[in-house]
Each structure stands twice: as C-alpha cells, then as structure tokens.
Amino acid sequence: MNDDSEETVEDGGEAEFDLEQAPEIDEEILRRRDEAMARIVQYGDPLLRSRASEIGLFDDGLEVEAREMFSLMRDAFGCGLAANQVGRLRRILVFQSSEDEEPGALVNPVMEWASGETETMTEGCLSIPGVVLDVERPVEATFTGLDLTGRPVRWEMAGLRARIIQHELDHLDGVLILDRAPADQRRAAMRALRRGETWAPPHEGEEETEEVAI
Ligand code: ZN
C-alpha cells in the first residue's frame with residue numbers, strides 16, 4: 001500500500017512538472033524566433049536587391065559569421081540563409097534541410113549545372129514573412145564553391161536541398177521568390193505586401209503543393 005501511494009505521488013509530480021514547464025519552453029523558443037526575425041533584413045530593404053561580393057579572406061571572422069548565420073537560421077525556423085539577409089553583401093550561404101543534418105555553408109557558390117526536370121513547390125522566405133509563392137526550380141543541381149577554410153567543394157544536390165541552395169544563391173544575386181513566381185501571384189503578393197497583409201496561392205481543387213519556409 002505504501003509503495004502504491006508513493007508511486008502515485010511520483011507520477012503526479014511528473015505530470016505537474018510537464019504542465020508547468022511546457023509553456024515556458026514554448027515562450028523561450030518564440031522569444032528567440034522573434035529576436036532572430038528582428039535581425040533578418042526584411043522586404044523593402046535595398047540589401048535584398050543587391051548583388052553580394054565574392055569573399056577572398058578565409059579567416060576566423062568568416063567562421064564566426066557562419067556560426068552567427070547558423071544560429072539565426074535555426075532560431076528563425078528557417079532551413080537556409082544568405083548573407084544579404086543579415087546585412088552583409090558577401091557571397092556566403094548556410095543551409096540545413098532537416099534537423100538530423102549538420103548545417104552546411106558555401107562560400108562564393110556557383111550553380112554549375114541544373115536538371116531539365118523541374119518541380120513547383122510553395123516557397124516562403126524569412127525576409128518576406130507572411131507571403132508564400134509557387135516557385136518552379138530544377139529538381140537536381142550541381143554547385144561549386146569554397147568551404148569556410150577556402151577549400152574547393154562540389155555538391156550534387158537533389159530535391160529540397162537543391163531548392164534551398166538555389167533560393168539562397170538567388171538572394172546573393174538580389175533575386176527574390178517574387179521574381180520566380182507566376183506573374184499573377186507576384187502581382188497579388190506585391191499588393192498584399194503594400195497593405196501589410198499575408199498572401200498564399202489559392203490552390204483550390206488542385207493537388208496540394210508542398211510548402212517550404214526558406
Ligand atoms: Zn529567402
């Protein structure tokens with residue numbers, strides 16, 4: 001009898017702990033997301049329409065820059081980030097397509113090859129919150145560039161990873177999802193942005209298009 005009552009108290013204690021902790025953890029995550037979003041350059045800023053410059057110096061500063069970008073990307077729940085988006089016109093991008101994957105960084109990236117086969121997905125952008133658009137991109141692509149120590153790298157990517165890197169590479173050239181979307185979607189999204197409203201493609205009666213926030 002004694003053991004039973006002890007067990008009950010223990011279980012009760014655990015349940016209480018969970019209930020009290022869960023909302024605090026959520027608040028902390030949301031606070032970090034808001035802080036990250038406040039540091040990410042937003043639509044309307046000319047930095048997003050500028051071409052970033054090649055990086056020639058591979059020192060500790062570059063590592064620090066990449067680490068800052070990784071943590072901002074994670075805190076903002078993004079799966080990629082380009083330097084323009086953190087206020088630096090330098091050709092570096094970071095990405096992480098899933099939680100199990102190590103974050104990657106690519107310096108002075110170039111898309112060497114892209115497949116003729118394309119796919120349309122609904123893309124969002126951390127610099128244009130509240131707006132998602134259908135963007136058609138090659139399914140596979142090969143990227144070259146340099147790692148954080150200046151060593152040449154070559155990445156053959158497919159699916160979501162290929163899409164993320166194309167999206168970030170666009171940022172480094174001052175190109176946004178608005179430029180890649182069908183003209184009618186671009187017009188509607190621009191109108192919504194001017195009014196401070198959100199916008200998403202209707203997709204009524206169509207097959208659901210997969211959505212990704214980059
Ligand atoms: Zn973006």
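Modeller: A residue is buried here when its relative accessible area is under 20%, and exposed when it is over 50%, with partly exposed in between (1.4 Å probe, protein chains only). This is a predicted model, in which local features need pLDDT of at least 70 and side-chain atom pairs count only at pLDDT 80 or more, while totals for chains, interfaces and linings use all residues. Residues are numbered from 1 along each chain as its sequence is written, and side-chain values use heavy atoms, leaving out hydrogens and water.

Colleague: Which residues of helix 5 are buried?

Modeller: Helices (H or I, at least four residues) and strands (E, at least two) are DSSP runs numbered from the N terminus; in helix 5, Gln-185, Ala-188, Ala-189 and Ala-192 are buried. They lie on the same side of helix 5 because their arc around the axis, taken from the directions to the C-beta atoms, is only 100°. The face turned away from that buried side carries the exposed Arg-187 and Arg-194.

Colleague: What do the buried residues of helix 5 pack against?

Modeller: With contact meaning heavy atoms within 4.5 Å, they pack against strand 5 (132-138) and helix 4 (177-180).

Colleague: How should I read the sheet, and in which order do its strands stand?

Modeller: Strands of a sheet pair through backbone hydrogen bonds, either parallel or antiparallel. Here, counting two strands as paired if DSSP finds at least two bridges between them, five strands form an open, antiparallel sheet in the order 1-2-3-6-7. Strand 1 (80-82) and strand 7 (152-158) are at the edges with a single partner strand each, so one side of each has no neighbour in the sheet. Strand 3 (residues 104-114) and strand 6 (residues 140-146) are joined by five bridges, and Met-111 has Phe-143 in strand 6 as its bridge partner.
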